Amino acid sequence: MLNKLIATLRKRGAHGRTFPVQATEATQAAEMIADLLRQRDALLQAATQTVEENLHLADGENCTLIHIKRAIAAAAKDAA
């Protein structure tokens, strides 16, 4: 999906010139970005719920879910 987004945003000529994006293409790109954000939010919510339900496994720095725990913390920090 990311490759399609890049192709939509950028049209190249024979000599590598970049042409302006048309309104329809910009709308399609915005819709793709919104879809990617919805997917990210759904995955983050699922990961957060999993960690909350399994806190007994995520109670230290050397735990089963440490990578997910750190990613959730980073996402929360970025959102703030």
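Me: Take helices as DSSP runs of H or I with at least four residues, and strands as runs of E with at least two, numbered from the N terminus. In what order do the elements of the chain run?
Reply: This is a predicted model. Its secondary structure comes to three helices and two strands. From the N terminus on, the order is α-β-β-α-α.

Me: How far apart are the end C-alpha atoms of H2?
Reply: Helix H2 covers residues 23–53. At 1.5 Å a residue, its 31 residues should span 45 Å. The model agrees with that expectation, since the distance between the end C-alpha atoms is 45 Å.

Me: Which residues of H2 are buried?
Reply: Buried requires a relative accessible area under 20%. Of the 80 residues of the chain, 15% count as buried. In H2, the buried residues are Glu25, Ala29, Met32, Thr48 and Val51.

Me: How many salt bridges does a search of the whole structure find?
Reply: The pairing needs a side-chain nitrogen of Lys or Arg within 4 Å of a carboxyl oxygen of Asp or Glu. Arg38 and Asp35 qualify, with their closest N and O atoms 3.9 Å apart. Arg40 and Asp41 also qualify, at 2.6 Å from N to O. The search of the whole structure gives a total of two.

Me: What separates Arg38 and Asp35 along helix H2?
Reply: Arg38 forms a salt bridge with Asp35. The two lie three residues apart in H2, so their separation is about one helical turn.

Me: Is Arg38 buried or exposed?
Reply: Exposed means over 50% relative accessible area. Arg38 has 51% relative accessibility, so it counts as exposed.

Me: What is the relative accessibility of Asp41?
Reply: Asp41 meets Arg40 in a salt bridge. Arg40 has 47% relative accessibility and counts as partly exposed. Asp41 also counts as partly exposed, with a relative accessibility of 39%.

Me: How much of the accessible surface of the chain belongs to carbon and sulfur atoms?
Reply: The accessible surface of the chain comes to about 6200 Å². The part that belongs to carbon and sulfur atoms is 58%.

Technical notes: Residues are numbered from 1 along each chain as its sequence is written. This is a predicted model: local features need pLDDT of at least 70, side-chain atom pairs count only at pLDDT 80 or more; totals for chains, interfaces and linings use all residues. Side-chain values use heavy atoms; hydrogens and water are left out. Buried means under 20% relative accessible area, exposed over 50%, partly exposed in between (1.4 Å probe, protein chains only). The expected span of a helix is 1.5 Å times one less than its number of residues. Accessible areas come from the Shrake-Rupley method with a 1.4 Å probe; for residues, only the protein chains shown count as cover.
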